[in-house]
Amino acid sequence: MSIQVKSKREVYLDHAATTACDTDVVKAMLPYFGVKFGNPSSLYTKGREAHGAINDSRKTIAKILNALPENIIFTGSGTESDNLALFGIARAHQTKGKHIISTAIEHSAVLRPLEELQKQGFEVTLLKPNEQGILDIKQITKAIRPDTILISVMYANNEMGAVAPLADLGREILKYRKENKTVYPYFHTDACQAAGYLPLDVEKLHIDLMTINGSKVYGPKGIGLLYVRRGVKIAPLILGGEQEKNLRGGTENVPAIVGLAKALEISQTNFQKEYDHVENLSQYFYKLLRENISDIKLNGPQIGDERLPNNLNIAFKNIESEAALLYLSENGIMCSAGSACTASSIDPSHVLLAMNLSPQLAQSSLRFTLGRENTKADIDYVMKYLPNIIKELREINQINSK
Ligand SMILES: *Cc1c(COP(=O)(O)O)cnc(C)c1O
């Protein structure tokens, strides 16, 4: 006999933290946990079979990026890909220059390695966006110096959804190189949040290195890739076997690689449909929020081309976002305050602060990131609770401040 527990409704609105693995992705991965378990480096059939699966995945992904298969390096996460790009370029090219340009709104997977590189004698220029979270291309290109070896700018921001004008920036960097007859600076982008919603053609974007991971595109967690343009040398982080052209030692995570390729394939096939679906829901949600809750502010760009279609980051004046998260969670609603990666700290988000939000407003902000499986009914459910929660928290806040 099974005990039936009446399950509470769950509404997941934290797709920027991670996405559920698509059932077709799981299906594609399963054989590689089972009968097709061979080590890709082994020469007998089982090994060749696993090796073949990696090759096919590489080809699938290369096509999506408009790249060559040999330019895709599989890693263990988006974080590892970012580390490999930054340390990899820094170590391989430090004799040519020790200056790196990036932005104050990058993910910690970029900011922390940059801090480490600074300790090792590199100079880092971090540029700030405007109050909408938009970066100024001219400001970035003006910061280029003869010793600048790398520019790293994220494609789309994980906290407030701003989309960077990568293609325009890429073109400006190319222009600088041509005029100065140099191959530097190389251009890296962290595209983890962009991969499901924005074009990934590395030629059109003029990108030299690109980070993508599985866990944000309905693929498995613990898998990433770094695209590295032909002719761009990087130093490896992990030494061991000769896997991934000696750039990433260790037996490949075959099921996860197969899953990442499948996930990217699915998101490319349904590109416009997915984009429209989450954008419609975001607009529906935002309209209801404005109609039902006073004193709110959309952090980041207006809904449109400069913003990820699934991201609503909202400052609710005079509340503590941490408390709101708890109340929402009690009702089965999952979203986040700032980024999940800093969820254990109560510091205001570095991204919102870089946009000149006050620490108070930053700490009163909630991030809702919608996804494939969300429906209007999910939003209606959230609106049944959220206005009351905000109202109560504001009342508590008022009592406390007296
Ligand atoms: C999630 C994320 C990462 C880190 O990816 P992991 O696979 O969790 O290591 C890096 N950059 C951005 C923009 C992200 O959203």
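User: What does helix α4 lie across?
Analyst: Helix α4 (residues 108–119) lies across β3, β4, β5 and β6 (186–190), and its direction is about 155° to β3. Contact here means heavy atoms within 4.5 Å. Axes are lines fitted to C-alpha atoms, for helices over the stretch in contact, with angles from 0 to 180 degrees between N-to-C directions. Helices (H or I, at least four residues) and strands (E, at least two) are DSSP runs, numbered from the N terminus.

User: And what should I know about the model itself?
Analyst: This is a predicted model, where local features need pLDDT of at least 70 and side-chain atom pairs count only at pLDDT 80 or more, while totals for chains, interfaces and linings use all residues. Residues are numbered from 1 along each chain as its sequence is written, and side-chain values use heavy atoms, with hydrogens and water left out.

User: OK, the sheet. What's the strand order?
Analyst: The order is β2-β8-β7-β6-β5-β3-β4, seven strands in an open sheet with mixed pairing. At the edges sit β2 (72–75) and β4 (123–127), each pairing on one side only. From one strand to the next, the twist averages 20°. Two strands count as paired if DSSP finds at least two bridges between them.

User: Are β3 and β5 parallel or antiparallel?
Analyst: Parallel: strand β3 (residues 99–103) and strand β5 (residues 148–152) pair over three bridges. Ile 101 stands opposite Ile 151 in β5.

User: What does α2 lie across?
Analyst: Helix α2 (residues 45–65) lies across β2, β7 (209–213) and β8 (224–228), and runs at about 120° to β2.

User: Switching to charges. How many salt bridges?
Analyst: The count is 19 salt bridges, taking a side-chain nitrogen of Lys or Arg within 4 Å of a carboxyl oxygen of Asp or Glu. One of them links Arg 367 and Asp 14, with the closest N and O atoms 3.1 Å apart. Arg 367 is in strand β12 (residues 365–369) and Asp 14 in the loop between β1 (11–12) and α1, so the pair ties together parts 353 residues apart in sequence.

User: Is that pair buried or exposed?
Analyst: Arg 367 is buried at 1% relative accessible area, and Asp 14 is buried at 10%. The cut-offs are under 20% for buried, over 50% for exposed and partly exposed in between (1.4 Å probe, protein chains only).

User: Which residues share partners in a network?
Analyst: Start with Arg 229 and Glu 203, a salt bridge whose closest N and O atoms are 3.1 Å apart. Arg 229 lies in the loop between β8 and α8 (254–269) and Glu 203 in helix α7 (residues 202–205), so this pair ties together parts 26 residues apart in sequence. Both count as partly exposed, Arg 229 at 22% relative accessibility and Glu 203 at 37%. Salt bridges that share partners join Arg 177, Glu 203, Asp 208 and Arg 229 into one network.

User: What does Ile 319 touch?
Analyst: Its contacts, not counting residues up to four places away in sequence, are Ala 324, Gln 363, Ser 364, Ile 390, Leu 393, Arg 394 and Asn 397. Ile 319 lies in the loop between β10 (311–316) and α10 (321–330) and counts as buried at 3% relative accessibility.
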